[in-house]
Amino acid sequence: MTQTKSQLESSERFKPKASRRDFLGIAAAWSAIAAFVMAMLGAFRLPMPSVFPESNSQSKLGKPNRFLEGSATYFPKQNLWLSRSQEGFHAISSVCTHLGCIVERDGEGEFSCPCHGSKFDRAGNVAGGPAPKGLVWVDLSISPEGWLVADTLKETKQGTYLKV
Ligand code: FES
């Protein structure tokens, strides 16, 4: 027995479960819901800053007895070198005064900038290169609890040592 084309089209087997119009309507509704949810997530996140500004420029570096005389310790988060000598403690910023690259310290205690080749002596004075001025000496103090504290926003005069 053969079926005619109209019989085939009207049979349940060949009927689509959802019409193209229904499918597009459902897809549009879900797209709208997803867009709304993403927009709401963005709206709730908007008041929160992506970067939290440093609430305090002061950082505890450690107890003074942790650092031996003649030592130099790098603090990457604060971008500074803390040195202890007979004169006391001093901290030198590792931020190059030319364009802000991080300088490297060699075995002699001198600094060089990998970006444009500036050189600085042990005290941070310019010894060569395009840097317009020496490395910044960072203010050091002792907290009431006896911690060494560096204030990265406070510059101190070169040659200022903290005696402990
Ligand atoms: S950033 Fe250091 S020499 Fe240019």
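Leaving aside its neighbours within four places in sequence, which residues is F67 in contact with? Taking contact as heavy atoms within 4.5 Å, F67 touches L61, G62, T73, F75, L82, R84, F89 and L148.

Before going on, a word on the source: this is a predicted model, in which local features need pLDDT of at least 70 and side-chain atom pairs count only at pLDDT 80 or more, while totals for chains, interfaces and linings use all residues. Residues are numbered from 1 along each chain as its sequence is written, and side-chain values use heavy atoms, with hydrogens and water left out.

F67 belongs to the largest nonpolar core, which has 12 residues in all, L61, F75 and L148 among them; such a core is a set of buried Ala, Val, Leu, Ile, Met, Phe, Trp, Tyr and Cys residues joined through side-chain atoms within 4.5 Å, where buried means under 20% relative accessible area, exposed over 50% and partly exposed in between, with a 1.4 Å probe and protein chains only. A second, separate core of 10 residues includes W81, F111, C113 and W137, and C113 counts as buried at 6% relative accessibility.

Turning to the disulfide, meaning a pair of cysteine sulfur atoms within 2.5 Å, the structure holds one, and this joins C101 to C115 with an S to S distance of 1.9 Å. The torsion about the S-S bond of C101 and C115 is about -95°, so the disulfide is left-handed.
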